[in-house]
Amino acid sequence: MGELDKEPVVAVLNRILEFELAGVVRYTHYSFLVFGFGRIPIVSWLREQADESLMHAREVGEWVTTLGAYPSLAIGPLLDSHKHDIGAILRESLEAERAALQLYRDLLTLVTDHSVALEEFARRMIEVEELHLAEVDKMLRKPGDVSAFAPQSP
C-alpha cells in the first residue's frame, strides 16, 4: 500500500458531501411536487432517496474528519428544470445519479492501493449508485419496454 495523498481525496470527498446534501434537498423538493393517483408510492420513494442521501452525506463527512480535514458546508448543484411531471423529475434524478456515480469512481481511483477502508467504501457506494441508476432507468421505461431508457456508462 502506498501513501494516501489526503488533499485530493478530501477534495473529492467534500464534493461528494456537497452532492449528497444536494440530493437531500432535491429529492425532498421533488416529493412536494407529485400529484395524481400514484402520489403516495412515488412520494415515499423520493423521501427514501432523500433519507439515503443524508445517510451517505453523514458517512462521507465522517471520512473527511477521519482524514483530519474540515467538511464542506456547501451544497452541490440543484438541478431543476421547473417541469414537475414524474418523467422530468426522474430524468433529472438520472442525471444526478450519474454525476454521483462519477464522483465515487473518482474517489476509488484516488484511494485504490492506498486505503483498504476507503477503497471498500468507494466500491460499496459505486454499487449503490449503479443500482439507483438502474432503478431510475427502469422507472423511465414505458410499461412492457425491456430496453434501457438510457445507455449505461461504463
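This is a predicted model: local features need pLDDT of at least 70, side-chain atom pairs count only at pLDDT 80 or more; totals for chains, interfaces and linings use all residues.
## Starting at His 56

Is His 56 buried or exposed? With a relative accessible area of 4%, His 56 is buried, because anything under 20% gets that label.

So who does His 56 touch? Leaving aside its neighbours within four places in sequence, His 56 is in contact with Glu 20, Tyr 104, Met 125, Val 128, Glu 129 and His 132. Take Glu 20 from that list: along the chain, Glu 20 and His 56 are 36 residues apart, yet their C-alpha atoms are separated by 6.5 Å.

## Helix 2 next to helix 3

Now zoom out to the helices. Helix 2 covers residues 39–66 and helix 3 covers residues 86–111; the two pack at an angle of about 20 degrees, and their axes are 13 Å apart. That angle makes helix 2 roughly parallel to helix 3, because the cut-off for this is under 35 degrees. As for handedness, the two helices have a left-handed crossing.

Which residues meet here? On the helix 2 side you'll find Ile 42, Trp 45, Leu 46, Gln 49, His 56 and Val 60, while helix 3 brings Ile 86, Ile 89, Leu 90, Glu 97 and Tyr 104. Sort the residues of this contact by type and you get 8 nonpolar, 2 polar and 1 charged.

## Rings that pair up

Time for the aromatic rings. A pair of rings is described by how far apart the centres are and by the angle between the planes. The count for this model comes to 4 aromatic pairs.

One of them joins Trp 63 and Phe 121: the ring centres are 6.2 Å apart and the planes are at 45 degrees, so the pair is tilted. Trp 63 belongs to helix 2 and Phe 121 to helix 4 (residues 116–140), so this pair ties together parts that are 58 residues apart in sequence.

Phe 121 also pairs with Tyr 104, this time edge-to-face, at 6.3 Å centre to centre and with 70 degrees between the planes. Since Tyr 104 lies in helix 3 and Phe 121 in helix 4, the pair ties together parts that are 17 residues apart in sequence. Both Tyr 104 and Phe 121 are buried; for Phe 121, the relative accessibility is 4%.

## A ring cluster

What do ring pairs link Tyr 27, Tyr 30 and Trp 45 into? They make a cluster.

Notes. Residues are numbered from 1 along each chain as its sequence is written. Side-chain values use heavy atoms; hydrogens and water are left out. Axes are lines fitted to C-alpha atoms, for helices over the stretch in contact, and angles run from 0 to 180 degrees between N-to-C directions. Helices (H or I, at least four residues) and strands (E, at least two) are DSSP runs, numbered from the N terminus. Angles under 35 degrees count as roughly parallel, over 145 as roughly antiparallel, 65 to 115 as roughly perpendicular and the rest as oblique. A crossing is left-handed if the near helix is turned anticlockwise from the far one by less than a right angle, and right-handed if clockwise. Contact means heavy atoms within 4.5 Å. Ala, Val, Leu, Ile, Met, Phe, Trp, Tyr, Cys and Pro count as nonpolar, Asp, Glu, Lys and Arg as charged, and the others, Gly among them, as polar. Rings of Phe, Tyr and Trp (its six-membered ring) pair if their centres lie within 6.5 Å; planes under 30 degrees apart count as stacked, over 60 as edge-to-face and the rest as tilted. Buried means under 20% relative accessible area, exposed over 50%, partly exposed in between (1.4 Å probe, protein chains only).
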